[in-house]
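This report describes the architecture of one protein chain, section by section. Please examine the sequence and the structure shown here before reading on.

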Amino acid sequence: MTEHSIPDEGRQPRAARPAAPADARGAHARARKARDTPGAPAFPAQAQSRTGDPAAGPCDEHSQPTGHSAQQPDPHRPRPVPEGPPAPPDTDPLAGHHGDRDLHDGAPPGAPGGEERRTGQPRPPGSGPAAMRRDGDRLRFVGAATRRIARGIDLDEIVMGLCRATVPTFSDAILVYLRDPLPVGEERPSGALILRLRRTDRLRSIEEGADDPDTESGGVPALQVQNELVSTAELCEVRPGGALAEVLRGVRPVFADTPAARAALPELLGDGRTVPGGRRTILAPLRGRRRVIGAAVFLRRPDRPAFENDDLLVAAQLATHSALGIDKAVLYGREAYIADELQRTMLPETLPRPTGVRLASRYLPAAETARVGGDWYDAIPLPGSRVALVVGDVMGHSMTSAAIMGQLRTTAQTLAGLDLPPQEVLHHLDEQAQRLGSDRMATCLYAVYDPVAHRITIANAGHPPPVLLHLGGRAEVLRVPPGAPIGVGGVDFEAVELDAPAGATLLLYTDGLVESRLRDVWTGIEQLRERLAATAQLTGPDHPPPLEALCDDVLDMLGPGDRDDDIALLAARFDGIAPSDVAYWYLEPEDATPSRARRLARSALERWGLQELNDSVELLVSEVVTNAVRYASRPVTLRLLRTDVLRCEVGDDVPQLPRLRQARATDEGGRGLYLVNRMARRWGATRLSTGKVVWFELNHS
């Protein structure tokens, strides 16, 4: 809009219009002079002169300029014209501090608030254009600061958001004290109320007071004391009934010059430490949903205008939003901890070390906000040095999915202990899922590896097929029957038996590794196969890649948009047991069988060069075989395996498992297992579908 001169004929009488200067530019200059008067409040214009951001600090995108931009008016807007000379400093009874001429900028002499331009009525005190600008600046600052605080999701982010939003726009330094420990939800804290200094933010000049140009003004010593305070006062025990307890109970922020704050601040900061007095310090309690959880101290330097009464409202808003955000962060942290613990207990803590196979695993949640899921993996040692490899995926990413996964994993472990075939294990898992509910769906792949026969038996229930990486570097997707997911009911599962050559690596995984919004499952499986083949080429045809590095390399194939689901990964390297390291016999259940078993064991040990174990092995084999022959009705099996340990296995057709007991002095038997327990490195008994196996292990050089 362009200003036009008005003819004298159209002007109003002088008495009917408000007073205005003859020169608008001169009036604008006088208005700038009034705003630049020393001692005038500078919030947030003075802070903008340091940071350029009147709302949320140096890097807040919601800030709006108020300093220099106010001095460069938009040519398309009418230029505001002050309505009179500035009022004297002592004409405003509500001024935040002496010398505040900007509160009533434009008020004519003799009137505290001036007159309205249109009505001519007296303006209320403190309602001039400058006061309105400051109120608008405060509202914009509070809005931007609360948005910045609300963006935080954990405790550190929220506290940092409070500090970054207030320094240097609202204060030159801030101290944030939080309760230690912080109560969670409805939890009622016990013990003394202890506040711990969680975070401090301050201007550089507070740390480097000696380099401040105002060193000789007398304000820097207080700032240097503040620097010492920030670095040393970390804990404060609130005395019941003390001054600090009363201020915290009152919830409202207070200036440092109030009687309550004068007694509370030394208790909070520590004896011998001071802060800027008067209205340059605000103590604001932080109250959450149920109770006070801390306190914040806002500080201004002596060379900056003091806080005003309206700044108490700003501090109250900041404290309230921060306290509610901290409550939210504490609850979120507790839920995340529960989720992590639940997921950790649902997965194996450590993988077993069965004979003839090496194992490695990985688990990745779907996202940071979905810490639990239904994916699981497991490795279960079986009789005969075999091992069961299991991987499964329950639908969903919730506590319910994790709980169902835990029940299915426990069921699979129990069924594996019965030495059932893989297809029978999946059948019983299907029945268990139906008992848990009609909508409990899951996929599962169950495989049993025999290191002696170098064979693997696999049954599938709707799970992605495994990938086998051969020693020469060739990777193939195994052809296994897909099957129906667990929980459908009324379906039959089929098992296939495949070769498992020594040096090969079997990779079991969930669909989160190969399927995402950007690719279908078969595209992902092909990419996985190519990735395994490329990794194997790096180590050469005669050396398989290390398992741990192989798992990490497989996970590196995931792109930024490929993490739509949690991922479970289980890798098994088949070392196998050479036929020359295995001795196997069938023994008839006769009285002479124990002596024959001793002779066979002795010959096998001499062939392997383990003569030092002759006495121990003969004694233990005699005791275990005698117990088997005593109750068996079919031939007894005896097997010796030489790996890093010597393992002996005795099988019979009696399902009852032996139990270790203390024999009495008058008993003729009952001491065989006691000898095994004392002399063997490890021992155990496992029930089979056709009976049981009792085994023990001995160390050899």
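## Basis of the description

Two strands are taken as paired if DSSP finds at least two bridges between them. By that criterion, strand S19 (residues 645–652) is paired with S21, since eight bridges join these antiparallel strands. The model is predicted.

The protein chain contains 17 helices and 21 strands. Of its 701 residues, 50% are buried. Among contacts between residues at least 6 apart in sequence, 68% join residues at least 24 apart.

## The sheet containing S19 and S21

Strands S19 and S21 belong to an open sheet of five strands, with the order S17-S18-S19-S21-S20 and antiparallel pairing. Its edges are formed by strand S17 (582–587) and S20, each of which pairs on one side only. From one strand to the next, the twist averages 15°. Helix H16 packs on this sheet, where it touches strand S18 (636–642), S19 and S21; the direction of H16 makes about 170° with that of S21.

## Helix H17 and its cover

Which residues of helix H17 (residues 672–679) are buried? They are Gly672, Leu673 and Val676. These residues lie on the same side of H17, because they cover an arc of only 90° around the axis. The elements that cover them include helix H16 (614–631), strand S20 (682–688) and strand S21 (691–699).

## The sheet from S7 to S13

Another open sheet consists of five strands in the order S7-S16-S15-S12-S13, and its pairing is antiparallel. Strand S7 (357–364) and strand S13 (475–477) are the edge strands, each pairing on one side only. The twist averages 20° from one strand to the next. Helix H13 (residues 521–539) packs on the sheet and touches S12, S13 and strand S15 (505–509), its direction making about 160° with that of S13.

Strand S12 (residues 467–469) and S13 run antiparallel and are joined by three bridges. One of the residues involved is valine 467, whose bridge partner in S13 is valine 477.

## Nonpolar cores

The largest nonpolar core has 51 residues, of which Leu389, Leu426, Leu429 and Phe574 touch the most other members. Strand S10 (residues 442–450) supplies the largest share of this core, seven residues. Beyond its neighbours within four places in sequence, leucine 389 is in contact with residues including Leu359, Leu445, Leu506, Leu508 and Leu570.

A second, separate core of 34 residues includes Ile158, Leu286, Phe298 and Phe307. Phe298 and Phe307 are also among the residues touched by threonine 281, as are Val254, Phe255 and Leu265. Threonine 281 lies in strand S5 (residues 281–287). With a relative accessible area of 1%, threonine 281 is buried.

## Salt bridges

Side chains of opposite charge can pair when their charged atoms come close. In this model, the count comes to 30 salt bridges. One of them joins the side chains of aspartate 137 and arginine 140, at 2.3 Å from N to O. Both residues lie in helix H4 (residues 129–150), three residues apart, which is about one turn of the helix. Aspartate 137 is buried, with a relative accessible area of 9%, whereas arginine 140 is partly exposed at 32%.

Other salt bridges connect separate elements. Glutamate 267 and arginine 239 meet through their side chains at 3.5 Å, N to O. This pair links distant parts of the chain, 28 residues apart: glutamate 267 is in helix H9 (residues 259–269), and arginine 239 is in the loop between strand S3 (235–238) and helix H8 (243–250). Glutamate 267 is buried, its relative accessible area being 10%.

Arginine 386 forms a salt bridge with aspartate 419, with 2.6 Å between the closest N and O atoms. Arginine 386 lies in the loop between strand S8 (375–381) and strand S9 (387–394), and aspartate 419 in the loop between helix H11 (399–417) and helix H12 (422–436), so the pair ties together parts that are 33 residues apart in sequence. Aspartate 419 counts as buried, at 14% relative accessibility, because buried means under 20% relative accessible area.

Key. Residues numbered from 1 in each chain as written. Predicted model: local features only at pLDDT ≥ 70, side-chain atom pairs only at ≥ 80, totals over all residues. Heavy atoms only, no water. Helix = DSSP H or I, 4+ residues; strand = E, 2+ residues; numbered from the N terminus. Axes fitted to C-alpha atoms, helices over the stretch in contact; angles between N-to-C directions. Contact = heavy atoms within 4.5 Å. Salt bridge = Lys/Arg side-chain N within 4 Å of Asp/Glu carboxyl O. Buried < 20%, exposed > 50% of the residue type's maximum accessible area, 1.4 Å probe, protein only. Core = buried A, V, L, I, M, F, W, Y, C linked by side-chain atoms within 4.5 Å. Arc of directions from axis to C-beta.
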